[in-house]
Amino acid sequence: MSIAKPQFINIANLPNTTITIRLITRDELPQLVSLYQHLNPVDALLPSDNILQSMWDEILGDPRLFYIVADITGKLVSTCNLAIIPNLTRGARSYGIIENVVTHIDYRKQGLGTQVLRYALNIAWQQNCYKVMLLTSSKREETLHFYEQAGFKRGVKTGFIALPAE
């Protein structure tokens, strides 16, 4: 099954700038890690470069994992990742989970996060997923509204998180 082709968009706040929404490439790991600092500053504590690169290669080799990015002239400014989970219910249709949604602080409120989420949803629908789930730790109404505007519904299911004992 083919994956969505890159999308080229323009936004009002950046006239004459083409933004590409696409899958990440292998050599963009350093930019991705840097972008994650805008998601959670604790992520500055990374494993060694060898371990990180090995994990990245494993991620990129998995046909069920997708990292979507918004690229402005070679700079990654927004991202999310999608995991497709095989499933034996719902007619054996898979489901998707989106995580790590972040936009660089200098590029927020311009629709880039919405674009990467919609691209991820398109991949999930192409993969015949019957649903896509997304959890957020944010309680801010503005953030919750952002996810609703991107196509997610609030209150359909109840999410729970288990964390390892410290």
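**The patch, the pockets and a nearby topic: the backbone**

Modeller: Leu135, Ile161 and Leu163 make a nonpolar surface patch of about 350 Å². Such a patch joins nonpolar side chains (Val, Leu, Ile, Met, Phe, Trp, Tyr) within 5 Å, from residues with over 30% relative accessible area and no salt bridge. The model is a predicted one, in which local features need pLDDT of at least 70 and side-chain atom pairs count only at pLDDT 80 or more, while totals for chains, interfaces and linings use all residues. Residues are numbered from 1 along each chain as its sequence is written, and side-chain values use heavy atoms, with hydrogens and water left out.

Leucine 135 lies in the loop between β6 and α4 (helices, H or I, have at least four residues and strands, E, at least two, as DSSP runs numbered from the N terminus). Leucine 135 counts as partly exposed because its relative accessibility is 45%, where buried means under 20%, exposed over 50%, and partly exposed in between (1.4 Å probe, protein chains only).

Leu135 also belongs to the lining of the largest pocket. That pocket has a volume of about 2000 Å³. Its lining has 49 residues, and the closest to its centre are Leu134, Leu135, Thr136, Thr143 and Tyr147. Two or more lining residues come from each of β5 (95–103), α3 (112–126), β6 (132–134) and α4 (141–149). A pocket is an open set of points on a 1 Å grid where a 1.4 Å probe fits, with protein on both sides within 12 Å along at least five of seven lines; lining residues have an atom within 4 Å of a point.

The second largest pocket has a volume of about 270 Å³. Among its 13 lining residues, Val33, Tyr36, Leu46, Leu52 and Met55 are the closest to the centre. The helices α1 (29–36) and α2 (49–60) each supply at least two residues of this lining.

Arginine 90 is not a glycine, yet it has a positive phi of about 55°. Alanine 92, also not a glycine, has a positive phi of about 60°. Arginine 90 has a relative accessible area of 54% and is therefore exposed, whereas leucine 135 is partly exposed.

Definitions and conventions: Grid points are joined across faces, edges and corners, and a volume is the space filled by probe spheres set on the points. Patches are made of residues with over 30% relative accessible area and no salt bridge: like charges are joined within 9 Å, nonpolar side chains (Val, Leu, Ile, Met, Phe, Trp, Tyr) within 5 Å. Accessible areas come from the Shrake-Rupley method with a 1.4 Å probe; for residues, only the protein chains shown count as cover. A salt bridge is a side-chain nitrogen of Lys or Arg within 4 Å of a carboxyl oxygen of Asp or Glu.
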